[in-house]
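Student: Please take one part of this model and look at it closely. Then place that part in the whole chain.

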Amino acid sequence: MKQPNKNTPNLPPNYDELKKAANRTANWKERLAAVEELGNWKSDPTIDLLTHRMNHDPVYQVQEAAYAKLKGFGENVHMPERKKFDLIKDTSKVLVRIKKSLPADHSYEDFKVKLQKMRVDIYDTYKGDKGEDFEKWLEDQWKSAPTK
């Protein structure tokens, strides 16, 4: 990405904070809010950031927002396809490892809490992607993961 010149017109005054928020892996809502705000300021640095979020964000809702903002700027962009499998590489393996690390009689809540503590990035990304279906999805993953 290009480094913004402090003299670049049409950059938000809090650009550096928005850039950090747009790249924060453990909080999809902050990334979405940053995309929404950056989308009000058309400049090369904001276009670069929005393009990166559109093409590489694991949460489809963030990708959609970046796409909409870029389209609104008149950019020639194409919406990436929604990922069908692991949004974060090896998520399935991580979930199995977490389940196996817990006592045999652990509860779903124990599993959920440990996932949040160990891999907030996975927890947050899937919560953002699955929305209302997140709890059911996570519980299904827990039930289907092999035990020791």
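Tutor: Start with what an element is: helices are DSSP runs of H or I with at least four residues, strands are DSSP runs of E with at least two, and the numbering starts at the N terminus. By that rule, T46 lies in helix 3. This is a predicted model, in which local features need pLDDT of at least 70, side-chain atom pairs count only at pLDDT 80 or more, and totals for chains, interfaces and linings use all residues. Residues are numbered from 1 along each chain as its sequence is written, and side-chain values use heavy atoms, with hydrogens and water left out.

Buried means under 20% relative accessible area, exposed means over 50%, and partly exposed is what falls in between (1.4 Å probe, protein chains only). What does T46 contact, leaving aside its neighbours within four places in sequence? Contact means heavy atoms within 4.5 Å. The partners of T46 are L11, P12, Y15, L38, W41 and F73. Two of these names lead on to a helix pair: Y15 belongs to the contact on the helix 1 side, and L38 to the contact on the helix 2 side.

Now that pair. Two packed helices are described by the angle between their axes and the distance between the axes. Axes here are lines fitted to C-alpha atoms, for helices over the stretch in contact, and angles run from 0 to 180 degrees between N-to-C directions. Helix 1 covers residues 15-22 and helix 2 covers residues 28-38. They pack at about 140°, and their axes are 7 Å apart. Helix 1 and helix 2 are therefore oblique to each other. The classes run as follows: under 35 degrees is roughly parallel, over 145 is roughly antiparallel, 65 to 115 is roughly perpendicular, and the rest is oblique.

The crossing of helix 1 past helix 2 is left-handed. Helix 1 brings Y15, L18, A21 and A22 to the contact. Helix 2 answers with E30, R31, A34, E37 and L38. Sorted by class, the contact has six nonpolar, no polar and three charged residues. Ala, Val, Leu, Ile, Met, Phe, Trp, Tyr, Cys and Pro count as nonpolar; Asp, Glu, Lys and Arg count as charged; the others, Gly among them, count as polar.

The arc is that of the directions from the helix axis to the C-beta atoms.

In helix 5, T91, V94, L95, I98 and K99 are buried. They cover an arc of only 135°, which puts them on the same side of helix 5. The buried residues of helix 5 pack against helix 6, helix 7 (120-130) and helix 8.

Two of these partners also meet each other. Helix 6 (residues 108-118) and helix 8 (residues 134-144) pack at about 105°, with axes 10 Å apart. Helix 6 and helix 8 are therefore roughly perpendicular. Y108, F111, K112 and L115 in helix 6 meet E135, L138, E139 and W142 in helix 8. By class, that contact has five nonpolar, no polar and three charged residues.

Most residues other than glycine have a negative phi. D90 is partly exposed, at 31% relative accessible area.

Finally, the whole. The protein has eight helices and zero strands. Its C-alpha atoms fill a box of roughly 60 × 25 × 25 Å along the principal axes. Of the 148 residues, 41% are buried.

Methods: Left-handed = near helix turned anticlockwise from the far one by under 90°.
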